[in-house]
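Please look through the sequence and the model below before reading on.

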Amino acid sequence: MKKILSVISTLLVFCTLVYSAFPVSALTITTQEAAAGVDSYTSLAPYTEFNNKLAEGAFYIPGLNSTASYDKNLKFYRSSETMIPQAMCTVGHYTLITAYDETEDAKSVIYVLDYNKRLVKTLILPDSYHVGGIAYDSLNDLILVTKASDKCVGVISIADFNKYMSFSSDFIKIEYTVSKSTSDVEIPNTSGVTYKNGKVYMSCFDTGNNSVAYCYTPYYNSVTKSYSLSFNYKFNLPNYTQGITITNYKGKTRLFVSVSYGRNESKNVYCSYLYSYVFDELTGTKTLDNVLACPPMLQQTFVSGGKLYCLFESASNTYKADNSNPVDMVLPIKLSKICDEKNGSSINIIATDVPGGKSVDIVTDILNASIYYSTGVPYIKNKKVTNGYSYKQSYLKTASSMVYAVAVAEGRIVAVDSMYIQVDRAKAVEGFKISAYSKKAVNLKWTQNEDASGYYIYRSTKKGSNYELIATLSSSKKSYKDTNVKSNKKYYYKIKAYSNGSLDSSYSDVVSVKTKKS
């Protein structure tokens, strides 16, 4: 709670902007203040791990109570109380935040905040449908705005942006420099966009399958004002991806993916996470570095000054009444906390080598927490394993996988940990053969496998079925004498190796012998 208080104490006092250059109602305003009826102290309190990673510099999301916009049906300027914030980026010392009107009667907007994170202008866009991501193409000096309903990206030149910012009015209706870009691969349901090192990355939102991101090389003709995107590659993202951010941290390229679906947590499906990956810009391959459970309805993020800023839509008037934990602030997380701390501070997965695979221990220090785990994605569906502090789960005969664990307290997922568990297969045994036999015994021999922890020997009286384990031997053994046999009877044998931390090896070839007569 002390951490929450220290962060919230830095929040800006509200700022109300009134547009007076046109003959419109004095109620045509954009506010930047606490959302009506929202108590961020209560909303943030349950999220232990998220709170532990917060940094100084939180600020109120503009427009949650009122946003100056233009009504496309009534043809005049008015205030909208149903704007939903979506995405952020920085342009120079400005911070830009997009929002769209839930009713789609009012035009979508871009809030412009100064270096103190104070609202200074509202840019009213030509579109009224769902406007999503925003990014700054620094090579071409262009602001990119994804327009999900139109499967494209709108473009605003910095020259035009500076012109809009020079106007004395507090809100202004603007146009895109390019109303629709051309691309050799169009994306349905475009949700997020980010720019890095001469490449534009756009992500799509998908609930049924993996979300997908596309990498493009942008080309801009300033004379004809044409903006085209040449496709390079695509890569999968978790389901329900809202946005992506790419940055450099400690010599590595990092990909941050914000994932969210649904207004509240539930015992069947929960989804509000922030993923951190180490990312290869040349190929789009990625390695999961960390995953953080967040308050509900996380939208998109941006990086500035060693912090990752997180935007939520839960405190919008459209959602807050049905949301158990609305957040009305942009909240910064320390990059070091999410990139360098591999384990959760409140729940941890511990993997131990055992014969045949791994033993997974899950431990939490959250009182009265229920622990859930899965091996696919952390959208927990009836995977409850315990009510308490620790849980041990054998992880045998399963291929390598990500393992996720979450702690649920008071109906909320408040902490998560992830671990990639490598489960290789032991090397198969070579040289397995029958070295001698009599009417009372069969001698078996093989080449010692130095990587094995031991061996399992199986026997049957039928070549293709009914094999029984007859011996478990240590790794130092390279022969075995089977004395539990009958005379003048045919036996079939096979062997496999086991190794701590690995799956058992494949079986050797079957060898057979008929014991001697009495």
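Which residues do ring pairs link into a cluster? The cluster is made of Tyr201, Tyr233, Phe235 and Phe279. Rings of Phe, Tyr and Trp (its six-membered ring) pair if their centres lie within 6.5 Å; planes under 30 degrees apart count as stacked, over 60 as edge-to-face and the rest as tilted.

This is a predicted model, in which local features need pLDDT of at least 70 and side-chain atom pairs count only at pLDDT 80 or more, while totals for chains, interfaces and linings use all residues. Residues are numbered from 1 along each chain as its sequence is written, and side-chain values use heavy atoms, with hydrogens and water left out.

The structure holds 19 aromatic pairs. In one of them, the ring centres of tyrosine 77 and phenylalanine 171 are 5.5 Å apart with the planes at 50°, so the pair is tilted. Because tyrosine 77 belongs to strand S5 (residues 76-80) and phenylalanine 171 to strand S13, the pair ties together parts that are 94 residues apart in sequence. Helices (H or I, at least four residues) and strands (E, at least two) are DSSP runs, numbered from the N terminus. Tyrosine 77 is buried, with a relative accessible area of 16%, and phenylalanine 171 is buried at 2%. Buried means under 20% relative accessible area, exposed over 50%, partly exposed in between (1.4 Å probe, protein chains only).

Two strands pair if DSSP finds at least two bridges between them. S6 and S7 (residues 94-101) run antiparallel and are joined by 8 bridges; threonine 90 stands opposite threonine 95 in S7.

Lysine 433 stands opposite lysine 445 in S35.

Two lysines sit over rings. The charged end of lysine 286 is 5.4 Å from the ring centre of tyrosine 277, and lysine 494 lies over the face of tyrosine 467, at 4.2 Å from the ring centre. A charge sits over a ring if NZ of Lys or CZ of Arg is within 6 Å of the ring centre and within 35 degrees of the ring normal.
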